[in-house]
Amino acid sequence: MSLPAPILNQVNFRAPKGIVYGSPGVGKTTFGAAAGGLIVDAENGAAHVQCDRTPYLHDWPTMKNWLDALAAGGHDYAAVVIDSIDWLLRRIEEQVSGVDGTAAGMKQTLNRAHGGYGNGKLVLRNYVYQYLLPTLDKIVNAGVAVILLAHAVRRENTSMEGMTSEKSGPEIHPDLANTMIEWSDFVGAACMKGEGRQLILCESNQVLAKNRYGIRDPLPLSWQAFLEAMTSNNS
């Protein structure tokens, strides 16, 4: 029996997809806007930045309409910037749970949804695996970068050796944080350094970070600096 075709044997330098997280005001939204991006405003926090942005999207159906349109193409944006991914995932959670603003709906939770017994959490993961990530990948495969902005949070992490430490990482729904990090080509911590701002893309004892481009040293918090480091390490 022959193998299904095709067999791929070439490096694919696709548009980057990843997470940038940091404290409020450090410059995450400005970083995304500098990528030639459209800011998908999921938390009503982008009005202070001069950039192209959607209106504040306060529910999942509205967000989904925008994501579907962006995935369909027909626009000139070089990046889609979700500000922030935690708020977007929260809106999916509300959709799955049946939260609708009514008195009864406000009492709905993932644990009660879809027959209870934690079934709501499984449906939430289905939304992410079967819709959200494939839709974002469709955008990336069309040559448009996807940047997920997140706030910073301190959490305990356990290494492969069983050592537990506390480090900064992106504030993402705890049931989905590992999934979003694994999906990403890069996870960068945006922080202040002296008079400037840095993007850390290599994990340390203090911050969770990663990249698939071989970038080891901190970069200026600049989309151009990131692109130059990414392309020079993959040339």
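E203 is partly exposed, with a relative accessible area of 42%, where buried means under 20% relative accessible area, exposed over 50%, and partly exposed in between (1.4 Å probe, protein chains only). This is a predicted model, in which local features need pLDDT of at least 70 and side-chain atom pairs count only at pLDDT 80 or more, while totals for chains, interfaces and linings use all residues. Residues are numbered from 1 along each chain as its sequence is written, and side-chain values use heavy atoms, with hydrogens and water left out.

The side chain of E203 meets that of K167 in a salt bridge, at 2.7 Å from N to O; a salt bridge here is a side-chain nitrogen of Lys or Arg within 4 Å of a carboxyl oxygen of Asp or Glu. K167 lies in strand β5 and E203 in the loop between β7 (196-200) and β8 (210-211), so the pair ties together parts that are 36 residues apart in sequence, helices (H or I, at least four residues) and strands (E, at least two) being DSSP runs numbered from the N terminus. K167 itself is buried, with a relative accessible area of 8%.

Strand β5 (residues 164-170) also holds E166, which is paired with R154 of strand β4 (residues 145-158), so that parts 12 residues apart in sequence are tied together. E166 is partly exposed at 47% relative accessible area, and R154 counts as partly exposed at 38%.

A further salt bridge joins R14 and D185, whose closest N and O atoms are 2.7 Å apart. Because R14 lies in the segment before β1 (17-22) and D185 in the loop between α5 (177-183) and β6 (186-193), the pair ties together parts that are 171 residues apart in sequence. R14 is partly exposed, at 34%, whereas D185 is buried, at 3% relative accessibility. The count comes to 9 salt bridges, and R90, R91, E93 and E94 are linked in a network of them.

R91 also belongs to helix α3 and takes part in its contact (heavy atoms within 4.5 Å) with helix α2, made by W60, P61, M63 and L67 of α2 and W87, L88, R91, I92 and Q95 of α3. The axes of α2 (residues 60-72) and α3 (residues 85-97) come within 9 Å and cross at roughly 120 degrees, which makes α2 oblique to α3.

Notes:
Axes are lines fitted to C-alpha atoms, for helices over the stretch in contact, and angles run from 0 to 180 degrees between N-to-C directions. Angles under 35 degrees count as roughly parallel, over 145 as roughly antiparallel, 65 to 115 as roughly perpendicular and the rest as oblique.
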